[in-house]
Amino acid sequence: MEANVRSFPSVSNAFPALLLLPALSLSACGDRKEDSAAEGSIPDPTGQTCSDDAQCGDGTICEAGACEPGDRSDSPEEAIPVFYEEDNAGIINPVGDEDWFSFSGNAGSFVRISTAHAESALDTVVSLYDAQGSRLAWEDGYAGGTVSGYDSLVHAFLPVTGTYYVKVEDMGSFYDGEVPYGSDSATYDLRISSQGDGGDEADSLQSAGQSHEISGANIFYPIAFSFPEDGDSDYCSLILPYTDAPIYLFTMQNDDGSGATPLLRLYDSAGTPVFDGEDPARADGLQLLANQDDRYVLEISDASGGSGADHWGWAFVIIGEPGDGNPREEEPNDEIANADSLSFEDQEPDSGVYLSGYGQGFLSASDDVDTWAVPLAEELYISIALGAQDYGGLLQARIEVLDAAGVAVATVDSPAGADEGALNLGPFPAGDYFVRFSGVPDSGMTGGEGFFYRFGLHQSSFEFSN
């Protein structure tokens, strides 16, 4: 946890009733804007004499008898008191300016803090501090990238009743090595919204304290959680509009004030776990490849086993469009006679042969196997890279290469809990081959949509390196 040496002054405000806001649309997932370097110029205030700030225009203050770019909110001691559900105007001017705001909050409540603006070069970073100067949370964009209509979007938790402080600055001031920005047009609106008290306690897998009815793809839904007692778990039910789409889950990462290590576990409507993972970021978050159900329950617990006012966080869920991802298996495909076909694309290397194909599926029962056809036009390696356990999948896969007679000519077992990189098998003479996926014996596979696999399969005249 990062802390400052000074304590912040006390400010008291009253707030309206708590309000839970809807989900937000997701746009491209990136961390920064390309046009964040300093640009433009600040008007020269020379000749504008003054005796107080009221005689200066917006975005300027009276300093040494002249109007200068700036404001009076450059420190916690000068923080502007704000209220929930109100737009508060701010400006990053001059270059490197930072603005401070203060508000009152109740212990155990969750908040959302956002900035929005029309200035293309302004890229805000928003940070939340407690009264002792400890940073609780911050974001450049939001937990998974950027969100349409917002610049920065912070989700946080208030551990005690008291005064809290919000700092808004340009990302060039926040990140070492970046160029600070500011101008007389770098305006923004700040809004603080209450998000309630999290899940109803005590909730359970059968009676979730939170619920989201997901309306469609590429909309993220925030899920607040806290662990006031050891062994506590929070639950959220998810109702989906369709099947055969990827489900993405990830957690807030810039939560300096939290000591929790969230463990996410997803269950289908029958209460069967389909995947789990520990504190995933958006870039490598959990992913159920193709949902088979339209109702799930997410359980969030603390992998570290801790509890208290500093054990909290946020998880986020997004779904894709039906059919998103690699081509799906089609049953029946247990035998080489009904193997699924793969579409291979020529990668056009500078020399040699390099063809790539992709697929995904799941093993519906403990004895289920899936078979894919891989014809080789000449002697080539077959290289396979898996990608499911790293996304929370439960399948520890056995991969077999079969010849045209169905005889295994190569067998590889993936290790538990991690995916294999490039497996260089062969080289094999030209002919018809098949790749078969099954569960590693004695690995505990029971079958179901949680036992999924995803692969990239390459035919090449050279070996791949990991």
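A residue counts as buried when its relative accessible area is under 20%, as exposed when over 50%, and as partly exposed in between (1.4 Å probe, protein chains only). By that criterion, buried residues account for 51% of the 466 residues in the chain. The structure is a predicted model, in which local features need pLDDT of at least 70 and side-chain atom pairs count only at pLDDT 80 or more, while totals for chains, interfaces and linings use all residues. Residues are numbered from 1 along each chain as its sequence is written, and side-chain values use heavy atoms, with hydrogens and water left out.

The chain holds 1 helix and 30 strands; helices (H or I, at least four residues) and strands (E, at least two) are DSSP runs, numbered from the N terminus.

Contact means heavy atoms within 4.5 Å. Of the contacts in the chain between residues at least 6 apart in sequence, 79% join residues at least 24 apart.

Leaving aside residues up to four places away in sequence, Ser 114 touches Tyr 150, Ser 152, Leu 153, Asp 189, Leu 190 and Arg 191. With neighbours within four places likewise left aside, the contacts of Val 435 include Asp 370, Trp 372, Ile 384, Glu 400 and Leu 457. The C-alpha atoms of Val 435 and Thr 411 are separated by 9.7 Å, the two residues being 24 apart along the chain.
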